[in-house]
Amino acid sequence: MPEMKLLFVWRWLIASDQGPTSPTTRHVLLTLSLHMADNGSRAYPSENRLAEETQLSERAVGIHLQKAVDAGWIARKRRRNGRAWAQYD
């Protein structure tokens with residue numbers, strides 16, 4: 001399967017009956033996917049940006065991103081950047 005199609009397969013899985021049970025987690029992940037590289041390998045939107053786009057609070061976005069991590073849908077690694085705000089890879 002060409003790499004570009006992997007992102008679309010992932011989106012369909014999120015939206016399927018195999019996806020997260022929480023509609024809010026699904027919404028956050030599908031919004032996150034709008035920022036992903038074509039092959040689904042990375043995305044770097046801030047939680048603030050995801051909050052604006054989903055119309056959820058930053059706290060709710062953070063909670064649902066963590067639920068997605070716990071369920072294995074995404075991986076996040078905190079990057080040390082010396083700034084007052086956190087970045088994730």
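A residue counts as buried when its relative accessible area is under 20%. Keep that cut-off handy for these exercises on a predicted model.

**Exercise 1.** Work out whether S33 is buried or exposed, and find what it touches.

*Solution.* Start with the location: S33 sits in helix α2. Next, check the accessibility: S33 has a relative value of 1%, so it goes down as buried. Finally, look for partners, skipping anything within four places in sequence: S33 is in contact with L7, W10 and R11.

**Exercise 2.** Describe how helix α2 and helix α4 are placed relative to each other, and which residues make the contact.

*Solution.* First, pick out the two helices: α2 covers residues 23–33 and α4 covers residues 58–70. Their axes come within 9 Å and cross at roughly 90°. The pair therefore counts as roughly perpendicular. Now list the contact residues: α2 brings T24, T25, V28, L29 and L32, while α4 brings V61, H64, L65, K67 and A68. Sort them by class and you get 6 nonpolar, 3 polar and 1 charged.

**Exercise 3.** Take a closer look at α4: how far does it reach, which of its residues are buried, and what follows it?

*Solution.* Begin with length: the 13 residues of α4 reach 18 Å from first C-alpha to last, close to the 18 Å expected at 1.5 Å a residue. Then go through burial: A60, V61, G62, H64, L65 and A68 are buried in α4. The cover over these buried residues includes α2 and α3 (47–54). Last, step past the helix: α4 is followed by G72, with a positive phi near 85°.

Methods
Residues numbered from 1 in each chain as written. Predicted model: local features only at pLDDT ≥ 70, side-chain atom pairs only at ≥ 80, totals over all residues. Heavy atoms only, no water. Axes fitted to C-alpha atoms, helices over the stretch in contact; angles between N-to-C directions. Helix = DSSP H or I, 4+ residues; strand = E, 2+ residues; numbered from the N terminus. Parallel < 35°, antiparallel > 145°, perpendicular 65-115°, else oblique. Contact = heavy atoms within 4.5 Å. Nonpolar A, V, L, I, M, F, W, Y, C, P; charged D, E, K, R; others polar. Expected span 1.5 Å × (residues − 1). Buried < 20%, exposed > 50% of the residue type's maximum accessible area, 1.4 Å probe, protein only.
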